[in-house]
Structure formats: C-alpha cells, structure tokens
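Visitor: Could you take me through this model, one question at a time?

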Amino acid sequence: MLIWQNLVYALVLGSTYALMVIGLTMIYGILKILHIAHAGIYTLGAYVGLFILLHLSDNFWVALPLAMLASGLAGVLIYRGMYYYMLTKPRIIPLISSIGLFIALQELYRLVAGPYQKAFPAKFSFLSIKTEYLIVTSKQMLIIVLTAVFLLALYFIINRTKLGLGWQACSQDIEMAGAMGVNVNRVVALNFFIGSALAGAAGVLMALYRNSVYPTMGAVVAYKAFVVVVLGGFGSVTGGVVAGLLLALVETMLGSLEWFEFPRDAIAFLVLIFTLMFRPKGLFGR
Amino acid sequence: MKLKVAVVGISLILLFLAAGLALQEETIKIGFFAPLTGFAAADGMSALRGAQIAVDFINEAGGINGKKIELIYYDDACKADEAAAIARKLIERDKVVIGISGSYSTPTRAAAAIFQEAGVPMISAYAIHPSIILTGELIFRVGLGAPVEGIAGAVLAVEKLGAQRIAILTMDNDFGVALSEWFKRKIEEINSKRVEAGMAAKQVEIVYEKRYPLGETEFRELLTAIKAKEPELIWATAYFHEAANIVSQARELGIEVPIIGQEGYDSPKFIELGGPATEGTIIVTDLNRDSDREIVRRFLEEYEKRTGIPADMVGASAFDAVQVAAYAIKVGGTEAEAIAEAINGIKDFEEAVTGPFYYFKDREAVRPVEIQIVKGGEFHYFMTFTDPEVITPPAL
C-alpha cells in the first residue's frame, strides 16, 4: 500500500509539472522561445487567487477561474508587449529578457504583497478517499481530477478544432503556416493565453495544496518545468505531460527511501544532465 | 566691513554646525541586522520590532546614563555575505558600540567573526549554533543554544512524554543539524543510564531518521514512510514554513503522535500556515506567553499594540539582547572589554522577557527553558525546565 500511496503523491506533483510544461513546450514549439517568465505567471495565479479569496469571495471555484483568466491575459500581455518585438532577433535576446522579467516579477510581488508567506484560505469541498490502506485527500483528488479535465480539454482543442490545427501548423513551420492563411498572431496569442492560464491554475492549486503563497514560490518550478520540457522533448505536449509524471514519480519514490538523502529538487538537475547527455531530443522529441 | 560680516557669519554657522554635531554625538549607537526580506522576513521583522521596543522603553526611561540609544539596522536577507558586509559597515562607518544579530545562525556566524576581529562586542539574539560564541571573547548569546535546546527536547520527549520509539526529521542546515545532534546525544546518554540501572528494555529507539533541505515543502512520502515505522513521537527540526507543512501533512496522513518542534516553530506564521493541524504541537523555546512576570506582559502588550499580531520568541530575544547590551553599557561604559566583563558578571537579570537570566556561562545566558504547546490557535504554557542539569550549557 505504500506504493499506491506514493503513487498518489506522484500524480499530484506530476499534475503540477504537466500544467506548467504545457505552456512552456507549446510556446517553444511555435516561437522557439524559452519562456522562463512562465513561472512568474504561476506565482501570479497564486497571488490573484489569494487576492480574490481575501477580498471577493472565499469560494475556491470563484478564485480559480478568475485567477486563470488573469494569468492568461498576463501571458498574452507578455507576448504582445515583449516577445512580439523580439521574434526576429537572435534567440538569446528573448531568453535574457524572459529571465529579467521573471526576476522583476518576483520583486514586484514582494513589493506589493510583502516578503512573507501567506496562507491560502480557500473554501471548497470535493471527493476524497480514506481507507486504511490509501488516503487521498480532497485537495489531492481535486488536483488530479482538474488536471485530467484540463488535459482532456487541451487534447480536444489541439486535435479537433481549427485553432488546434493552426497550432500544429505553426509549430511545424510558422512561415508556411502564415503563407497558408493561418492567422499566426492569433494562434500565438491564444497559445500564450491557454498556456499561461494553465500555469496560473498550477499556481492556485499548489497554493491550496501547501497553504502558502510567497514571492519566490515559482523559483523551483521554473527550472523543474524546463527539465520536464527537455525530458519530454521540446515542442511535444504529450512528451511534456509524460515527462512531468515521470519526474514526479522518480522524486517521490526516491524521497520515500530513508537512506536517500539527496535533496529532491536536485534530482531534476540530474535528470536534465542525463537527458542532455544521452537523449537530447527527449522522450518524444522530434 | 564686508569681510568682518563674512567672518562673523561663517563662524556662527560653524558654531551651530559644531553644536549640532556635538548634540548628535549624544546617542549611543547599537548596531542591528536581521532578515527583513527573503524567506525569513517574518522572523527578521519580528526581531527588529522587538529590538525597537526595547530601545523605546529604555529611551523613554531616560536612556543610558542620560544618553539616548540609537538603533542602526540593516537587512541581511538571511545571507552570510550580506551579514558580513553589514558587520563591516556597522563597525567602520556607523561606529557602533555593540552589535546585535537578529538573524539566523549562518549569517550570524559570518558577522561574529568580523565583530570579534574588529574588537567590537556582538550579541546573538536567537541564533543557536554553538560555534557562534566560540568565535571569541566578545561574542555572546542571549537566546537558547542548540545544545540546551536539543537536550531539553530529549528530556521532554523521553522522560516527560515517555516516548520510546522516536522518528527524527532534520532540516539540513546549521540550525536543524545542531539541534538534532544534541537531541540524539542526550538520548544516548539517557539510554546508557537506563542500561546501567538495569532497565535495558526501556531504551529509546530511533526508528527513523532523515535529513531534508531547507525550503522543502513536500513531506508526504517521508511521512508515509515514518507512519509505517509506528513511532510514538516525532522530533522535527524546521523553520516555521517547513514546520507548517510537516505538521499539516503529517496530520493529513493520519499521523496522530506528538510532534516536537523547537524555536523555529515559534512564530504566529507557523499557526497561520499550518492551520488547525498545528493544534497540540509542542515546542522547545524560551518565551512563555502565559508568564505573569511584569516585563513579559509589558513586552507582549506593546508588541501586539504595534503590530496587531502576537509576539514570538524571535521578537522577545531581540528585545532581551538590547536590554542586556544597554545594561552592560550602563554598568561598563562603551569600551569593548568593559562591556564584555559587565555581561559576564550578570546575575539574576529580571529585565529579560525570555529570562530571568540567572548568569552567563561561557558567554551564553543560562535561564529557564520554556515548553509551549499550541492550544486554540495560540501558543500556551506547557511546562518549564529549570533543572540545572537540563538548562546549563554543556562544555563544548
């Protein structure tokens, strides 16, 4: 039963990674930009969610969609206000700008909301399992179910809608897609919107799960999400999701061993090194 | 004529300037540093406020021998290199008479080295690492040190709470490791005594032990493994954020045995972030919120009045550090050696919130160890250790 219990934790953790990686890998797939500031959107989602809980409604189901909306819009803003002007520049320019933006965002949150960790007082009820052998709390159930719903919705969008078709076209060859009449600008903007909304959702869910919001909460997620992108293969959403779950599984299983004292967060780095050394394309990369 | 006016005018200006400067020099400068930003900001701000309350109390009562105290403070963001730079600034530029660390062990160690080398005394308000006061003759500590805290924790766990199977979770930094090390040493000592007394079956067993990195927020797989070992008690060293996660996740998993924390838990943030799961957590600290000593009540009221939140050990320790510094300056003057001598000569110092300080041994305050428990969302009295065997810092 220990295995099953640990599997639950891995699923929850993997869900967060999956939600984060989707935006990152989609953006890379189309624009070939490493969007480091994505983790800043994760934190933004958490803070917006907190703000709503404290000032509008303490109902989680009100806070979540609003936080996702705000995050989505912020993502579009970053594209239209920053990356848009860097699309033809060498790749290092948007990369450095993204890093700078991420750092600036963390400082902004600190200045506005203070450096303290804050509790996340959300009210909600959800399914839960409590047996002698397995405990799945309502928060854990919520994260797993919600992520599954989001992933299903995403699958539907990518494979069954015109928007999704435009996406796939853009990520294969953006110039050709544009020449074929795809509204590249719209596709990219929607791409940013959805990816950022999911990142915001991840932020809200983690704020709920750990009951804390603080300016640097995105720092670890920032580089771990990248490890997942590399492991899954740049541009592959399926790869990203699978890689996210895999990394979470490895972290959880190794963490449960009493003798394993390597810090959990460093495992991701090791995975990154090995992937780049032995299979730089990632699991599902093209 | 114009020349005479100019000369008189300039002389007057210079005179006023000199008078102004002379008036300015009438304050006694005390240096202070704490993490005002970063993950430890809640503790740093609390320490600063505690120190400021002490400064205000003293100045309201007339200052030290007629002179007011001026607290010169900087933010070290809980980083050793920042603290070292701040120490140099306080010594060379601000020319403080004494320095007080309102910060954690790692930055405090760095600063202590600088203060000792420059010949300026420094008091560690609450940083616990043993090596801090070993830095030199001018470095003192008013807070609990790791040895006493770990030893008291072991006596609490084994002799008062009667646990024989204990799981240990250690935060992997100066603070967490030192605490667990002394906890385990005392347990070994207790075990030896039990064997000698023919009670070998009553030995304490450490059924699980693991380190985790500072900043970790996910403990569920560790706790699941701990749960499988069926301990009677968990000793977990942590700061308030990690502690909140450990305790809330443990309860979520259905672990119901007592969890013993230390001064790192001693913050309203622990209760805020950990939520209702924190009920019943017992901690080893030195602030008794239920004390009826006058200085405690005065401090607690003033702190809550100024901040709107209840005070914590960190604020109380910073307050006490200023109190001790002011006393030493009053008695000994501003020379470093005299200040050190004054502190070493302290006996039954009642004006400390985390006191009374019975005396200073090897530059560390010896006083009661308070055990507090979370009840009704607040820290309350559980018990006090005054037994010299527990509260006297061991020889290092």
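This is a predicted model: local features need pLDDT of at least 70, side-chain atom pairs count only at pLDDT 80 or more; totals for chains, interfaces and linings use all residues.

Guide: Residues are numbered from 1 along each chain as its sequence is written, with chains lettered from A and ligands numbered from 1 in the order in which they are written.

Visitor: Which helix gives the most to the side of chain A that touches chain B?

Guide: Contact here means that two C-beta atoms, placed from the backbone, lie within 7 Å, and by that criterion 23 residues of chain A are in contact with 27 residues of chain B. Helices and strands are DSSP runs numbered from the N terminus (H or I, at least four residues, for helices; E, at least two, for strands), and H1 (2-31), H10 (237-255) and H11 (264-278) of chain A each supply at least two residues to that side. The most, 5 residues, comes from H1(A).

Visitor: Within what arc do the buried residues of H3(B) fall?

Guide: The buried residues of H3(B) are B:Glu82, B:Ala83, B:Ile86, B:Ala87, B:Leu90 and B:Ile91, and they pack against strands S1 (28-34), S2 (69-75) and S3 (98-101) and helix H4 (105-118) of chain B. The face turned away from them carries the exposed residues B:Asp81, B:Glu92 and B:Arg93. The arc is that of the directions from the helix axis to the C-beta atoms, and the buried residues line one face of H3(B) because they fall within 160 degrees.

Visitor: Which residue follows H11(B) with a positive phi?

Guide: In H11(B), B:Ile295, B:Val296, B:Phe299 and B:Tyr303 are buried, and they line one face of the helix because they fall within an arc of 100 degrees. These buried residues pack against helix H2 (41-60) and helix H12 (313-332) of chain B, whereas B:Glu294, B:Glu301, B:Glu304 and B:Lys305 are exposed on the other side. After H11(B), phi is positive, near 80 degrees, at B:Gly308.

How values were computed. A residue is buried if 20 or more other C-beta atoms lie within 10 Å of its own, exposed if 12 or fewer, and partly exposed in between; C-beta atoms are placed from the backbone.
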